[in-house]
Amino acid sequence: MTTKDNTPAGDSPEETGNEVQAADVALDTAGGTLEPSLVPVSTQSGDTGHQQDTVLRRIVMGNGFVSLLAVFVALVLGGLLIASTDQNVAKSAGYFFARPTDFLYYLWGAMTKSYVALFQGSVFNPRQGFSPLLETMTVATPLICAGLGVALAFRAGLFNIGAQGQIIISATLGAYAGFAWHLPPVLHLIVVVVMGVIGGAAWGAIVGLLKARTGAHEVIVTIMLNYVALFLLDFLLNTAAFRRPGDNSPISPRLDESAVYPQLIPGSRLHLGFLVAVALTAGVWWLLNRSTIGFEFRAVGANPAAARTAGVNVQAATILVMAVAGALSGFGGVAQVAGTEKVLTGGVAAQIGFDAITVALLGRSTPWGTFFAGLLFGAFRAGAVQMQIQTGTPIDIVLVVQSLIVLFIAAPPLVRSIFGLNPGRKKRAKAAPKAAVATGGAK
Amino acid sequence: MTTATASKPGAAGPTTAARPSLKVPVSLGVLSLVALVFFGFFGPSKTAEMKVSEQGDAIVLPALLIPGQAGGIVLAVLLLAMAAYSIYLWTKGERSPKWLPIVFAVVFVFALLVWIVAGAREPSISLAGLIAGSVTLAVPLVFGSLSGVLCERVGVVNIAIEGQLLGGAFTAALVATVTHNAYIGLLAAAAAGALVSMVLAVFSIKYLVNQIIVGVVLNVLVSGVTGFLFGTVMAPDKELFNTPPRLDILPIPVLSDIPLIGPILFEQSVAGYLMYVAVAVVWVGLFKTRWGLRVRAVGEHPQAADTLGINVNATRFWNVTLGGAIAGIGGAIFTLVTIDSFTKEISGGRGFIALAALIFGRWNPIGAFLASLLFGFAYNLQSILGIIGTPVPSQFMAMLPYLVTIFAVAGLVGKSRPPAASGIPYVKG
């Protein structure tokens, strides 16, 4: 990994002369070969040139279609898991050969019942109309922000597993500014957002700095920083500065009214943070596709050695990417404390940072893809609560479906072979890895 | 492909080869000064009492009594001496021997312990209990990190240790309860860990999905599946599905009566003894056998290994599977030894600590074992600190393994280098 190429430089910065730098580049070139793991996830599949294909085949082979199939397969598998613990299904399986229709009836019933409840809890139900959709958007807000942070890092070839820690730190700082300082209305919210975003950016920048300077692998550092952040929050919530006066449990005071995002639609929890998330999505799209910095990020992600040769300061780009990614996750943390929860607790980040990884992967690391993936997983999260109440299906099924979706999306050949869509099975299976090696290997 | 050869552990770089790095002497020096100032000059005035034997032991030794300040100064001087020796070696152009940082760490931790205990409300702890508890807590970590060693040495990054532990814990509880036999539960846990590993292997080797992604996602998947089944199967009928029998503690006669080390080494469950065996077997296997040479070749330079006729992907597949089985056994410890039933997320991030131990132990089975012991010690100290009431918040103790790992990967504590081909799928041709 890059560790090796950078370590000599990190070891003795004063001794790296010009000749060493030349050797460094040579090393890096080889290092590039060894590093398809850092190929942006978005480029992992597809685009192996099917110009002469028919329109139909292009749709069938396209990423979007495979994503849809992946979601479908994951839902079916999740449904089977639900059905496998259903008592009626188990009973009717006992006399399957006598009356197979019974079994199929109960199987279908068990599979659909939970998903119908999930849908009703997240999008539409006859009693409340579309108001569950507002809850979905609320839950999706931090997911989208943090997902963007993960996706941006992916595009620059970095695995940001640390969204969780970045959210925790930003929520902590944002919340502190929200309940400890008392400022005039608009200014207060701005200060909260800025504090939170700076916190997230700093927590991300540590990773970038360590990666750029010492070659420490960002996956390890981010995982470890997640736990450091968690314990730090736990510690702070037990100090007088953060704990609610007169309360022994680790929970902060409520944020001032002037410090929270205004409500968008009365009667729902949907807040201004959602519009911020939309703006951030557009902003990241602009950054990646229209700005010089974004181009540099992508160049570093595609091929660090080539980017260096082309005059990109790879170290600076690495630090900057992680800082921006942390800042984006920071918006997610602010959305949690200043929008949805309005207090700081030990569980403020819930699973958002980890869900964000799956969101970014499902969105193929594109900004708008991440946005819609965030909405989808937000719907899962919001609907799961309703599902558990109505049908008793544990919320954990959402984790199963979510992770299956990502697994299948990451392996398009598997999905295609499930549906018998692999025309030149052997050829295609080989083409994908070659593409990966070709983009990752700097030759 | 020159990287693999150019980045051998010894060759720090073309120009730095002449002189060993200053990192070890400098960090030892700084740490021993810190010890002198904090543990010595500002040391607590109370006397720390460390009980060596429990009441009712066959051989009862008197407790160690160490005055806080004086003890701190003596230990700090010892540390300073070691740092000075390291610096002296550096001036002669020699590297510090490998044992030096380890001995230094042990003395430093002991000084830290004296400082904490003497400063506590109740300056008395049971040293035997502390160490024995640490080993108990370290057992799952050791199995987890051994799994990581086996996977990474063959070139597959295993972020899914957490999932393997959790899967093992769940399966062990379920199967042991249903069969009323803890040993069958232990075997089932190994099978479950291997199953998780096989998914990792298939996706990363056959479908060439990024190994880190598969690992992260597998953790979520296992957490979801076990959580779901816990909610639908175990929780409603605890008697039938979630009351596993414990693995018996099997003390070895005579040997287990030795003070201090007796209860640690010779009073374990089968899984505890298995841990020592596993560490030894993996170490010998990796470094002294033909199989190990092949495994390491695949992890360092798969092309070369392939040229020599080793089936790279098959080697990877079976190694990863074996690693999963080992981690599964580690997971079984939670439900068959430590706690007597499964609860959601019972592994509680221990898989990531195991990952940290593997890195801190520099991808070496024995290193991983020692690092796991250290992290187990930190865990145990953290809970004991809460009881005896020290000024150091327990959260900072809990952070320690993670911080240490960050320092380790950043190269501040020696140099940790993963196997060259770790994380990279191998495509023939």
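Modeller: In chain A, 75% of the contacts with a separation of 6 or more are between residues 24 or more positions apart. Two residues are in contact if their C-beta atoms, placed from the backbone, lie within 7 Å. This is a predicted model: local features need pLDDT of at least 70, side-chain atom pairs count only at pLDDT 80 or more, and totals for chains, interfaces and linings use all residues. Residues are numbered from 1 along each chain as its sequence is written, with chains lettered from A and ligands numbered from 1 in the order in which they are written.

Colleague: How many helices and strands in chain A?

Modeller: Chain A has 19 helices and zero strands. These are DSSP runs (helices H or I, at least four residues; strands E, at least two), numbered from the N terminus.

Colleague: And how much of chain A is buried?

Modeller: 57% of its 443 residues. Buried means 20 or more other C-beta atoms within 10 Å of the residue's own.

Colleague: Switching to chain B, how do α16(B) and α17(B) cross?

Modeller: Helix α16 (residues 365–388) and helix α17 (residues 394–409) of chain B cross at roughly 175 degrees, and their axes come within 9 Å. The two are therefore roughly antiparallel, a label for angles over 145 degrees. Axes are lines fitted to C-alpha atoms, for helices over the stretch in contact, and angles run from 0 to 180 degrees between N-to-C directions.

Colleague: Which residues meet there?

Modeller: Among them, B:Phe375, B:Leu381 and B:Leu385 in α16(B), and B:Met397 and B:Leu400 in α17(B).

Key: Parallel < 35°, antiparallel > 145°, perpendicular 65-115°, else oblique. Buried ≥ 20, exposed ≤ 12 C-beta atoms within 10 Å, placed from the backbone.
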